Amino acid sequence: MRQRPAWVAMALSGLIMVMAGAFGAHGLEGRVSASLLEAFETGVRYQAWHTLAILGVLIWRQQMPLKGQPLVLWLWGTGIVLFSGSLYLLALAGTRGVGMVTPLGGVLLMVGWLALAVTAWRARP
């Protein structure tokens, strides 16, 4: 299987996403403020969408390998860790310092979408 480490990482991201979502829904309610719970849920939502998007690019890469796809995968994977991870830490530990990392993760997610567009645009039929 090509890209085995990426497939394993995304399977684990899916597992973490489901666990985090369940924990947020059942373990955090009433224990953290509404705004921190909302931040946690935003992290789960962004992790979910980008995990699915990465799986789509991995499937595309198996059918049509292109130069830009690894960059897209790296940008989204790193963006998930920085964006969602910082929101999880903020909600769970109240660590405000990690809040500076969240926008960087968000930028990486956005740049990943731009890289996807450029990769698709440059693809030869």
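The model is predicted.

The chain consists of four helices and zero strands, and its elements follow the order α-α-α-α from the N terminus. Along the principal axes, the C-alpha atoms occupy a box of roughly 55 × 25 × 20 Å. Of the 125 residues in the chain, 41% are buried. Among contacts with a sequence separation of 6 or more, 69% are made by residues 24 or more positions apart.

The packing of helices is considered next. Two packed helices are described by the angle between their axes and the distance between the axes. For helix H1 (residues 4-26) and helix H2 (residues 34-63), the axes come within 9 Å and cross at roughly 155°. Since angles over 145 degrees count as roughly antiparallel, this crossing makes H1 roughly antiparallel to H2. The crossing of the H1 and H2 pair is left-handed. On the H1 side, the contact is formed by Ala6, Trp7, Met10, Ser13, Gly14, Ile16, Met17, Ala20, Gly21, Phe23 and Gly24. These residues meet Leu37, Phe40, Val44, Gln47, Ala48, Thr51, Ile54, Leu55, Leu58, Ile59 and Gln62 of H2. By class, the residues in the contact of H1 with H2 comprise 15 nonpolar, seven polar and no charged.

The crossing of H3 and H4 is left-handed. In the contact of H3 with H4 there are 16 nonpolar and nine polar residues, and no charged residues.

The UniProt record, an unreviewed entry, annotates residues 44-60, 72-94 and 100-121 as "transmembrane region". In the model, residues 72-94 are 96% helix and 0% strand, and the C-alpha atoms at the ends of this span lie 31 Å apart. Residues 100-121 are 95% helix and 0% strand, with 33 Å between the end C-alpha atoms.

His50 is located in helix H2. With a relative accessible area of 6%, His50 is buried, because the cut-off for burial is under 20%. Not counting residues up to four places away in sequence, His50 touches Trp76, Ile80, Leu109 and Trp113. Of these, Trp76 and Ile80 fall within the annotated span 72-94, and Leu109 and Trp113 fall within the annotated span 100-121.

Arg2, by contrast, lies in the segment before H1. The relative accessible area of Arg2 is 41%, and the residue is therefore partly exposed. With residues up to four places away in sequence not counted, Arg2 touches Trp7, Arg61, Gln62 and Pro65. Two of these residues, Trp7 and Gln62, also take part in the contact between H1 and H2. Arg2 and Leu58 are separated by 56 residues in sequence, while their C-alpha atoms lie 9.0 Å apart in space. Leu58 is itself among the H2 residues that meet H1.

Terms used: Residues are numbered from 1 along each chain as its sequence is written. This is a predicted model: local features need pLDDT of at least 70, side-chain atom pairs count only at pLDDT 80 or more; totals for chains, interfaces and linings use all residues. Side-chain values use heavy atoms; hydrogens and water are left out. Axes are lines fitted to C-alpha atoms, for helices over the stretch in contact, and angles run from 0 to 180 degrees between N-to-C directions. Helices (H or I, at least four residues) and strands (E, at least two) are DSSP runs, numbered from the N terminus. Angles under 35 degrees count as roughly parallel, over 145 as roughly antiparallel, 65 to 115 as roughly perpendicular and the rest as oblique. A crossing is left-handed if the near helix is turned anticlockwise from the far one by less than a right angle, and right-handed if clockwise. Contact means heavy atoms within 4.5 Å. Ala, Val, Leu, Ile, Met, Phe, Trp, Tyr, Cys and Pro count as nonpolar, Asp, Glu, Lys and Arg as charged, and the others, Gly among them, as polar. UniProt positions are given in the numbering used here, feature names are shortened, and annotations may be inferred rather than shown by experiment. Buried means under 20% relative accessible area, exposed over 50%, partly exposed in between (1.4 Å probe, protein chains only).
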